[in-house]
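Here are a few exercises to work through with the model open beside you. Try each task before reading its solution.

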Amino acid sequence: MTRGPGARFDDVADLVSGVKGREVLETGNLEAGIYWAGMSQGLIDDIPACGHLLNRIEAEATAIIGDRLAAMMA
């Protein structure tokens, strides 16, 4: 593998092809390769049932819309 200024994508293609990452996502084996998580993972503080989550999203959206409409009417 060539490193430094003369390096080419071919030198690392097998490392970044996504094959290992796919294996992690499919099997859950974190030792199989790399996996991704964004900053939004820090916003997760519970794992509700699907129905509860949808109800929560709907209630929050209704509240946001109501607050914005009320502010526009004032």
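**Exercise 1: Salt bridges**

Find how many salt bridges the structure holds, and name the partners.

Solution. The structure holds 2 salt bridges, a salt bridge being a side-chain nitrogen of Lys or Arg within 4 Å of a carboxyl oxygen of Asp or Glu. A word on the ground rules: this is a predicted model, where local features need pLDDT of at least 70 and side-chain atom pairs count only at pLDDT 80 or more, while totals for chains, interfaces and linings use all residues. Residues are numbered from 1 along each chain as its sequence is written, and side-chain values use heavy atoms, with hydrogens and water left out.

Step 1. Start with D10, which sits in the segment before α1 (13–16); helices are DSSP runs of H or I with at least four residues, numbered from the N terminus. D10 pairs with R8, and their closest N and O atoms are 2.9 Å apart.

Step 2. Move on to D46 and R56, whose side chains form a salt bridge at 2.6 Å, N to O. D46 lies in the loop between α2 (19–27) and α3 (50–73) and R56 in helix α3, so this pair ties together parts that are 10 residues apart in sequence.

**Exercise 2: Buried or exposed?**

Decide whether D10, D46 and R56 are buried, partly exposed or exposed.

Step 1. D10 has 54% relative accessibility, so D10 counts as exposed.

Step 2. D46 is partly exposed because its relative accessible area is 33%. R56 is also partly exposed, at 28%.

**Exercise 3: The chain as a whole**

Describe the secondary structure of the protein chain and compare its radius of gyration with that of a compact globule.

Solution. Step 1. Count the elements: the protein chain has 3 helices and 0 strands, in the order α-α-α from the N terminus.

Step 1. The protein chain has 22 Å, whereas a compact globule of 74 residues would be near 11 Å.

Step 2. Finish with burial: buried residues make up 5% of the 74 residues.

Terms used:
Helix = DSSP H or I, 4+ residues; strand = E, 2+ residues; numbered from the N terminus. Buried < 20%, exposed > 50% of the residue type's maximum accessible area, 1.4 Å probe, protein only. Rg over C-alpha atoms; globule rule 2.2 N^0.38 Å.
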